[in-house]
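Colleague: I am new to this structure. Could you take me through it, starting with the strands?

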Amino acid sequence: MKNRKTTKNRMKTLSIAVTLLFLVSVFLNGCGKGQTKFSSAAPGQTDVPKTADAAKEPQNSTPMGDGYSITFVLNNRDEFTNTLADGMQAKANELKVELSMQDAANDTGKLIQFVETAKNAGEDAVVVFPIDSETIPTIIEAAGDMPVVFVNRAPDDLGYLTGKSAYVGSEEWEAGYFQGEYLTEYFKERDIDVVKPIMLLGPIGAENTTKRTESVKQAMIDGGLTVEVVVELGCQWDRETAITKISPLLNTADYNCIIANGDTMACGAVEALISANLDPAEIPIVGINADNDARACVKSGAMKMTVFQDAAGQGSGALSVAVNMIQGKELSDGTGYEADTKYSNVIWVPFEPVTIDNVQDYE
């Protein structure tokens, strides 16, 4: 890439070395703090979250006895999901709800089986983090008369959610648009009107991947920039996949920014640049989620911005909506969030842009 070849300038080399030392520390230590851990369990068994301080806590942190009984079925274990589960557990404690958690480990059949098990056990409601949008009708069918709240991943048609089904999450279009607005300002300040991004995508065809990708482009076009995408790489939200796919391009492609649908991939891009002896501070890299590693990268200058997705808020909101459905209340009651103006069974938790100017607010 033009003006991006390795230089022998000693100050630049020192800068890269300092960044490398910082980020190695981040990558080794940044993800393991305060996350919810899940044990393995077969369908019908409780998968109880355990925090790093579990030894200091009671074995049953959720009040038992006179509260409602709700199951949370998730599809993956990562920092975001653990934070979401923590938010849900905190709200369950507050509302005196007996909450159990099951991990389907990205197995659709297992996820459906967990939902059916909750129904057969007489659970009052189930909260589901779907593997994909296409399985949502099947999940609703499996839940039967039991209220079901989907969290983070919505059906393709929000109008499908009626009666005893609802959704709590963040508007994916908004996340990408925040990225695009930041990049528009960044390039306009430098009198650059053609943006040439390498794009690191989540699962191809997934709703959040599609909306985040389309909206970041649209925001830059709306801002008066020309967008010439160098390549779109499907990286499945995975850091190592992002590193493998982007590395061959870093010293050959003509690009001037890196846009990632998620922070794991953005941090992978940072790591790949450092391995290629390039300074990530010299190219705008943007992500989404504002997780531990990404916030550290923003503070160091290795990433220019990320977008905060309130995982704990989604978890808390989903649990509250489930209780409201059981009690026949307005779904947004007590959540602190608003229902969609068109679809009353959809509750939105806002995204928020995070830069060096406000990253400290998200610690």
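Modeller: This is a predicted model, in which local features need pLDDT of at least 70, side-chain atom pairs count only at pLDDT 80 or more, and totals for chains, interfaces and linings use all residues. Residues are numbered from 1 along each chain as its sequence is written, and side-chain values use heavy atoms, with hydrogens and water left out.

Colleague: In which sense do β3 and β4 pair?

Modeller: Strands are DSSP runs (E, at least two residues), numbered from the N terminus. Two strands pair if DSSP finds at least two bridges between them. Strand β3, residues 69–74, has six bridges with β4, and the sense of this pairing is parallel.

Colleague: Which residue of β4 is the bridge partner of V73?

Modeller: For V73, the bridge partner in β4 is Q102.

Colleague: Is N261 buried or exposed?

Modeller: N261 lies in the loop between β12 (257–260) and α8. Leaving out residues up to four places away in sequence, N261 touches L200, L201, G202, T209, R212, T213, W237 and I288, where contact means heavy atoms within 4.5 Å. The relative accessible area of N261 is 1%, and under 20% means buried, over 50% exposed, and in between partly exposed (1.4 Å probe, protein chains only). N261 is therefore buried.

Colleague: How much of the protein chain counts as buried?

Modeller: The protein chain has 363 residues. Its ten helices (H or I runs in DSSP, at least four residues) accompany 17 strands. The share of residues that count as buried is 52%.

Colleague: Which helix gives the most to the lining of the largest pocket?

Modeller: A pocket is an open set of points on a 1 Å grid over the protein atoms alone, where a 1.4 Å probe fits, with protein on both sides within 12 Å along at least five of seven lines; lining residues have an atom within 4 Å of a point. The largest pocket is lined by 43 residues. Helices that each supply at least two of the lining residues include α6 (207–222) and α10 (311–327). With four residues, the one that gives the most is α2.
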